[in-house]
Structure formats: structure tokens, C-alpha cells
Amino acid sequence: MAAAVAVAHGRSSSAPASIEAESGILLPPNRFYDEESQRISNLIDEELRKEQQRQREARRKQVKVMLLGQAESGKSTLQKQFQIYYASQSLDRERPSWKPVVHFNIVKAVKTMLDEIDYEFSQTDDPDDYDDSDGEFSAPGPSSRANEITVERRRPPPQQQLRPTEIIRPTAAETESLALLRTRLLPLVALHDSLASELSGGVSFSRGLTGVFVRAGWQGGRLRGNGGGVAIIVAKALDSAREDIEALWAHGVVRQMMNLRKLRLEESAPFFLDNIARISQPDYLPNVDDVLNVRLQTLGVIEHSFPINLGGTMYDWRLYDVGGARGQRHAWVPYFEDATAIIFLAPISAFDQYLDEDPRTNRIDDSLQLFTAICSNKLLKKAHLVLMLNKTDLLKAKLKAGIRVQKYITSYGNRPNKYDDVASYFRAHFMQVHKRKDVSNRSLYLHFTSMLDIKATQSIIVNVGEAIIRQHIAQTGLT
Ligand SMILES: Nc1nc2c(ncn2[C@@H]2O[C@H](COP(=O)(O)OP(=O)(O)OP(=O)(O)O)[C@@H](O)[C@H]2O)c(=O)[nH]1
Ligand SMILES: [Mg+2]
């Protein structure tokens, strides 16, 4: 008891003049107490030293990897691929939470189809009716920056945009069947906003954020199972609407609009609509492909942790998945100084797309600007740099469908509109940015990826993971 009092009064080697016992009486200095207090003091110092050592070791075994890139570049999809490889059980446990999110993806697709059909047939065929003053192609003239890519920003004149044969003229029967489908699907579509709000946990929407977005830990929240009240109503509504959704998706007018690229659905919408019969079943549980295809915007920075074993040593692998929209990027900076590695994702299929948050900026152009900022950021100078040119499957599909790169990226010129040429062209531009702007002459590890392809992505993940850990070992001297 007395020793405890002595320790509490300081671990000094000089003997106290007197020691106050718990009872409040004063005891004379005692040699036994001095030695005992010194011994305990030494033990505590030793423990502190060991604890500090343990913390240092843990920090050295901690590998912090940031996933960066614009919105929809595939960061969260890559995070899910890491989870499939290193923590498949946790993804399995989360599957029920994804059900209302998959359902939301379908409700949104149905709403978009009906809205765009409305828009399409409320337009006249008169070219003068096109508004050139606003919208995604509106800023006239090309842009040219460090990345030296030139993008087409002007909306093509309507007569070039739509050849006469491309004007859709539905038959009376088609118009009638569409009107009927619309009436029958309205109750489902009416649930869109309340489901979005329920899934987003009541967070209000801000510029650049549309649809549903999530913060850290949402899978463990109240959406576990069938979700909240609205999610249950939506599941029932989907079950009843299955045939109408199938009919709408297969409708001649929708097919024509898809072929003519007049229907701007989210990229994963066709996958979910093709699978509506399975997904609308009452006992539906999302599978791994469903989870990978889901579109859910990330808000802020979400940390995911997996233990990774390399050569018998366990590493604490921390992935930071960030929101990529412009309004979200300021939140990345506090994580930079500690980052072991950056995996930068650039969707190279996006040459014909523009930012949701700034419809004047071509997505490839934005990716190149963002990559320039990352390469030249001094806070990141020690971070290992990996570049993933993603969505190669979609790039192939667009080129196969005859979409010309030159129409959107004027500097592409007359090069062949073939996958190998286009992929090399974009790779050269990203490598050029790295060569010119990198703060510390780092190596750049570059991969072409198609993030929905589990087999191909898993082998890349293993390579990238090992390369990052090995470089970390080299830097920290850890063995
Ligand atoms: N076809 C195809 N789709 C992909 C690929 N990578 C991602 N996607 C899809 O693209 C959509 C957007 O992917 P996310 O991973 O949510 O994008 P993100 O970068 O996390 O976006 P934010 O969270 O908004 O910053 C999802 O529907 C994915 O399924 C790919 O390589 N090919
Ligand atoms: Mg995300």
C-alpha cells in the first residue's frame, strides 16, 4: 500500500521526507520503501519502453493505401475486390445490407428510363430548338493543359448529332403500351426519393452528389437485413412490378434509344435490369457480382482494414476509400502524409463522358488533371504510386459500338479507333504526366484493369499488394 503511495508521488530517486499513508498519518522515510518504489518505477519504465517499441512495430507493419480518382472511377469496387480476396467472410456477412441498395439501383434505372422517354418525345425535330448555351458540351473551344490532351467541348450541331434515320418515331401501339407501363410503374418510381433518403441515412444532397451515398460503417447500421421501412415496401413493389420492368426494358422504343445512345443509364443498370427476375424475388440475397456492380457514392473517407500475410509476417493493411466527386476531394488531404501508397484509378472508357458535378469537364481530362495534382503533391512524395487504367471492358464495348474517340478527344486525330491504339494513347498521356510532374522521380506501376472481372483483378491485387509491402519493408527496414 505504502509503495503504491510512493509511486503515485513520483518516480524520483531522491527519498521523500515523509510518506503519507492512506489513513492520513505521516510515516518516517524508510529505506525499504525507497528501494521498492525504485524497483516499481524501473518496471514501469521498462513496460513503457516495451509498449513504445510495440507501437513502433505495429506502425511499421501498418500499410496505409489510399484509393484515389474521380467519382465512378471504381475505387469502391477495387476495395470490394480486396475484401473478396482478403476478407471474403466479411463480404458474405454484408450481403443482406446490399439488397436494398441493389433494389435502389433498379428503381433508379426504371425512373431514368421513364424520364428519358418523356424527354425524348417532348422534343421537337426542329434543330433550332436545341439549346446550345448550357449542358455538357456547352463550353466552346478545346482545352489544353499540362496533360496536353485536347477535348471537344462544343455540342455538335443537332443535324450532325441526329441523322434523320436516328429520329425515333414510335407506332401508336408502342406509344400506348409505353403509357400503360408508365402508369403501372409510377407507384414504384414514387418510392425513389424516400428510399434514397433512407439509404443515405437522412444526409441531405449537395452539389455533385445525386442518388445514394454512404459513410463509414453503413453496412453494420440499420440497413442490415431487409433495411428500413421504405426498403421493405420497395422490395414488395419490385416483386409486383417484375413483369412490367421486363416489358419496359425489352420495349422496342427503349431498345432503339439504347442503340442510339439516347438513354443515359448508369453503367451497371443493364446488368441489374437483365437480372430483374432473380433480383425481385422475395428471398433474393445479392451475390458477389451484384455487390461489385452496385453503384453507391462514397462520402468522405472510409477506412477498411485487412490482415495480409507476406512471408510469414502479418501486415495491417489499411485501405482508405474516398469520395471522388470534386466537392469531396478536400477530405483526402489529411491522410496524405501517412500514406504508404496511392492507387490512382482512371476510367479510360470515360472519353465520351463529362463530370456530373461540372458538365463542362470531360472525364479523361479531369482524371489527367487530378493525376497531375497527385504526382506533384509534396505530401505524397514518399508514397508508392500505382495507376490503374480501369473499365477496359467498357472501353472495348464503346469502340466496338462505333463510338469515335476523336469526336470527344480532338487531339486523338486520325489514329485507328481500335482498343490497342486508344489504350496506348491514354497510357502515354498518363505516363507523360508522371514523367513531367512527379515530385520524387518515383517508379510508376501501371495496370489496365476491368474491375468487375474477379479472376483478372485478383491476380493484380496480389501483385500490387506485395509490391507495396516490399517497398514499405525497404523504406522502413522492417523484416
Ligand atoms: N464495366 C465496368 N464497370 C465498373 C468497373 N469498375 C467499376 N465499375 C462500376 O462503376 C460504378 C462506379 O464504381 P465505384 O467503385 O462506385 O466508383 P467510385 O470511384 O467508388 O465512386 P465515388 O465513390 O463516387 O468516388 C459501379 O457501378 C461499378 O460497378 C469496370 O472496370 N468495368
Ligand atoms: Mg466509392
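The residues of the shell around ligand 1 comprise six nonpolar, 14 polar and six charged members, where Ala, Val, Leu, Ile, Met, Phe, Trp, Tyr, Cys and Pro count as nonpolar, Asp, Glu, Lys and Arg as charged, and the others, Gly among them, as polar. The model is predicted, so that local features need pLDDT of at least 70 and side-chain atom pairs count only at pLDDT 80 or more, while totals for chains, interfaces and linings use all residues. Residues are numbered from 1 along each chain as its sequence is written, and chains are lettered from A and ligands numbered from 1 in the order in which they are written.

In total, 26 residues surround ligand 1, the closest being Gly74, Ser76, Thr298, Gly324 and Met451; a residue is near a molecule if its C-beta atom, placed from the backbone, lies within 6 Å of it. At least three shell residues come from each of domain 2 (62-89 + 296-476) and domain 3 (95-293), with bounds taken from an automatic or database domain assignment.

Of the 89 residues in the largest nonpolar core, Ile106, Ile342, Ile343 and Phe344 touch the most other members; such a core is a set of buried Ala, Val, Leu, Ile, Met, Phe, Trp, Tyr and Cys residues joined through C-beta atoms within 7 Å, and buried denotes 20 or more other C-beta atoms within 10 Å of a residue's own, with C-beta atoms placed from the backbone. Helix H4 (residues 88-122) supplies the largest share of this core, eleven residues, helices being DSSP runs (H or I, at least four residues) and strands likewise (E, at least two), numbered from the N terminus.

Helix H13 is mostly covered, with ten of its 13 residues buried.

Note on methods:
A residue is buried if 20 or more other C-beta atoms lie within 10 Å of its own, exposed if 12 or fewer, and partly exposed in between; C-beta atoms are placed from the backbone.
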